[in-house]
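Subject: Structure handover and findings

Hello,

Here is the structure you asked about. My notes on it follow below.

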Amino acid sequence: MNIENTQAQMRKGILEYCILLIIANEDSYVQDIIHKLKTAKILVVEGTVYPLMTRLKNGGLLSYRWEESTQGPPRKYYTITTEGRQTLYALEQSWHELTSSIESLKRSNNQ
């Protein structure tokens, strides 16, 4: 079994949830989002995040605005929408149910 592939698939599965969590706390641009994901040890590359941001925006979960930057070209800052917050809430519920189920399985295996 290729454990690295399984770990990568697990991270990809929660990436949308993690991005919504980040943007729900504060408006963010992609490089900042990538930095926060890497700091949290959810390793990602730009090629993964940019298409996901477009999908979240097209799905009505995010909106964006352009802001001038003192360090280069303007930056696209993403903001979570009302629909995005509702989705985030649903994902949080799913996450809690999933982690609770996994913990239950772990406990039953240790008995």
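Glu-16 is partly exposed, with a relative accessible area of 23%. Here buried means under 20% relative accessible area, exposed over 50%, and partly exposed in between, using a 1.4 Å probe and protein chains only. Glu-16 forms a salt bridge with Arg-55, and the closest N and O atoms are 3.2 Å apart. A salt bridge is a side-chain nitrogen of Lys or Arg within 4 Å of a carboxyl oxygen of Asp or Glu. Glu-16 lies in helix H1 and Arg-55 in helix H3 (residues 46–58), so the pair ties together parts that are 39 residues apart in sequence. Helices (H or I, at least four residues) and strands (E, at least two) are DSSP runs, numbered from the N terminus. Arg-55 counts as exposed, at 52% relative accessibility.

Before the rest, the ground rules. This is a predicted model: local features need pLDDT of at least 70, side-chain atom pairs count only at pLDDT 80 or more, and totals for chains, interfaces and linings use all residues. Residues are numbered from 1 along each chain as its sequence is written, and side-chain values use heavy atoms, with hydrogens and water left out.

Other salt bridges

The whole structure has 6 salt bridges. One of them joins Asp-32 and Lys-36, at 3.4 Å, N to O. Both residues lie in helix H2, 4 residues apart, about one turn of the helix. Lys-36 is partly exposed at 26%. Lys-106 and Glu-103 also meet in a salt bridge, at 3.4 Å, N to O. They sit in helix H4 (residues 82–109), 3 residues apart, about one turn of the helix. Lys-106 is partly exposed at 44%. Glu-103 is partly exposed too, at 36%. Salt bridges that share partners join Glu-26, Asp-32 and Lys-36 into one network.

Helix H3

Which residues of H3 are buried? They are Val-49, Leu-52, Met-53 and Leu-56. They cover an arc of only 105 degrees around the axis, which puts them on the same side of H3. The arc is that of the directions from the helix axis to the C-beta atoms. The face turned away from the buried side carries the exposed residues Gly-47, Arg-55 and Asn-58. What covers the buried residues includes H1, H2, S1 and S2; contact means heavy atoms within 4.5 Å. After H3 comes Gly-60, with a positive phi near 80 degrees.

Aromatic pairs

Rings of Phe, Tyr and Trp (its six-membered ring) pair if their centres lie within 6.5 Å; planes under 30 degrees apart count as stacked, over 60 as edge-to-face and the rest as tilted. By this rule there are 4 aromatic pairs. Tyr-29 and Tyr-77 have ring centres 5.3 Å apart and planes at 65 degrees, so the pair is edge-to-face. Tyr-29 is in the loop between helix H1 (3–25) and helix H2 (30–39), and Tyr-77 is in strand S2 (residues 72–80), 48 residues apart. Tyr-77 is buried, at 15%.

Tyr-64 and Tyr-78 have ring centres 6.0 Å apart and planes at 55 degrees, so this pair is tilted. Tyr-64 is in strand S1 (residues 62–69) and Tyr-78 in strand S2, 14 residues apart. Tyr-64 is partly exposed at 37%, whereas Tyr-78 is buried at 5%. Tyr-64, Trp-66 and Tyr-78 form one aromatic cluster.

Best wishes
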